[in-house]
Amino acid sequence: MASLMSINRTGSSIISSNFKARFPTPSSPLPLKPLCAYALPNQQPTNKPRVFRRQTNRTHPPPKQQNGQNLTGTQLNTQIASYPQTENLTVLPSGVDLMRLCDEGKIREAVDYMCQGVSADYGVFCALLTSCGRSKSLEVGRRVHDLLARSKFGGDVELNNRLIEMYGRCGNMRDARRVFDRMRERNMSSWHLMINGYAMNGQGRDGLSLFEEMRNVGLLPVGETFVAALSACGSAEEGLIYFELMRKECGIIPGIEHYLGVIDVLGKFGHINEAEEFVDQMPIEPTAEVWEALRNFARIHGAFELEERAEEMLAVLDPSQAIADKIQTPPVKHFAGNMLEGKNRVSDYRSTNPYKGDAYEKLKGLNGQMREAGYVPDTRYVLHDIDQEAKEQALLYHSERLAIAYGLISTPARTPLRIIKNLRICGDCHNAIKIMSKIVGRELIVRDNKRFHHFKDGKCSCGDYW
């Protein structure tokens, strides 16, 4: 058995010392062929290590001798430097202003430079996370998260809070909760951002559970905490319970933001009369924001008398609002657009450029499966005066459905799809996408101009209210 004392790698050489190979002696000696030069046994060990050169493809010829004399070190380096190099060296860009790129909205370019080795300071990370949250750029936000984790600011509380806010704005509360749970230190803003994120993404139940967890660990809720909790309430009764908890148990005097939170809870669940009574019983004078909120909910639910009353009170408190409502302005033209995020990219699809080919075929196939699962088109959402069959066809090719169909054929199976829509999702598409999520076995996340809708297993996180 051979014993190897040391083999040291130096450049293209292997230096071995005291290397002895022992071979068993056969009964009849056979001629042995050495496999390699340095595997031969040392017949006469010496104190000097033996140096063996590897046979490699040289990028330049060996140095020539001048007048029969060996070249000196300086002459050798000069001669080698004169030959072209075969390796491409990566040169880091110098003078890159990351903050300027962030201000110009070039967040991808800034992140690319950071991945190449350009260092970023605290302000750059703040600007990047804010921009990613505002633009719903989840893929870029994850890259910033990775860079932040490897930087010296990885444990900063405020930057981790911005991470939570960014993930919440992008509709990814799973990663937001992962950041929250791994934080060594938290402040009250950390809890508030998580509760608000759950509320914005239609996961109010999780938000209220986190509120109770905060109380269990000994943290005392403050006024801002209850603003977040009210936005997460899933019913009018729940909102009133938390409002009374704030007043009686926590001793917090409600501010106008808390009254607005209760009005929002009552209004969005259709309790218009209760909302009006609540405003009349307020111990403080209702502001223009209160009457504006009440007017908007009355307009949504068709309470015309309450809408007129709110209009009059709003005209007294804020005449500019009343004047703006009376001015006839041309309607703003919107295109029905979707942004489908998948395969680490965001693509823009517009209904003015209809899908063709595979996407249409996929949608037709899904429509047949949906009908078998109990889907019935709700043609009330088609306002054109056309026959019933044409209305059903018009509903089938709504932009969000086309975006989902394209995502299903262009992304790996079982991966979530994220659709960003610039118009409010209609009721028929809402019902259709719930059934789609159950058929395809994916989470379908749709962000319209109101809120996030997380469709999964035939259910939506909004509880069918948006």
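Trainee: Which residue in strand 8 is the bridge partner of I445?
Mentor: The bridge partner of I445 in strand 8 is H454. Before we go on, keep in mind that this is a predicted model, in which local features need pLDDT of at least 70 and side-chain atom pairs count only at pLDDT 80 or more, while totals for chains, interfaces and linings use all residues. Residues are numbered from 1 along each chain as its sequence is written, and side-chain values use heavy atoms, with hydrogens and water left out.

Trainee: How do strand 7 and strand 8 pair, parallel or antiparallel?
Mentor: Strand 7 (residues 444-447) pairs with strand 8 in the antiparallel sense over four bridges, and the two form a hairpin with four residues between them. Strands here are DSSP runs of E with at least two residues, helices are DSSP runs of H or I with at least four residues, and both are numbered from the N terminus. Two strands count as paired if DSSP finds at least two bridges between them.

Trainee: And what about strand 9, how many bridges does it have with strand 8?
Mentor: Strand 8 and strand 9 (residues 459-460) pair in the antiparallel sense over two bridges, and F455 has C460 in strand 9 as its bridge partner. The hairpin of strand 8 and strand 9 has two residues between the strands, and D457 takes a positive phi near 55° in it.

Trainee: Is strand 8 mostly covered or mostly open?
Mentor: Strand 8 (residues 452-456) is mostly covered, with four of its five residues buried. Buried means under 20% relative accessible area, exposed means over 50%, and partly exposed lies in between, using a 1.4 Å probe and protein chains only.

Trainee: Switching topic, how many helices are there in the protein chain?
Mentor: The protein chain has 20 helices, along with nine strands, and 39% of its 466 residues count as buried.

Trainee: Let's take helix 17, then: which of its residues are buried?
Mentor: In helix 17 the buried residues are A359, L363, L366, N367 and M370. Looking down the axis of helix 17, these residues fall within an arc of 110°, so they line one face of the helix; the arc is that of the directions from the helix axis to the C-beta atoms.

Trainee: What covers that buried side of helix 17, and what sits on the face turned away?
Mentor: The cover of the buried residues of helix 17 includes helix 18, helix 19 (399-410) and helix 20 (427-440). On the face of helix 17 turned away from its buried side are the exposed residues D358, E361 and E372. Just after helix 17, G374 takes a positive phi of about 110°.

Trainee: Which residue forms a salt bridge with R371?
Mentor: R371 forms one with E392, and their closest N and O atoms are 3.0 Å apart. R371 lies in helix 17 (residues 358-372) and E392 in helix 18 (residues 388-396), so the pair ties together parts that are 21 residues apart in sequence. R371 is partly exposed at 38% relative accessible area, and E392 is partly exposed at 25%.

Trainee: What counts as a salt bridge, and how many are there?
Mentor: A salt bridge is a side-chain nitrogen of Lys or Arg within 4 Å of a carboxyl oxygen of Asp or Glu, and by this rule the count comes to 23. Among them, E104 pairs with R100 at 3.2 Å between the closest N and O atoms, and E104 also meets K106 at 3.4 Å, N to O. E104 counts as partly exposed, with 43% relative accessibility.

Key
Contact means heavy atoms within 4.5 Å.
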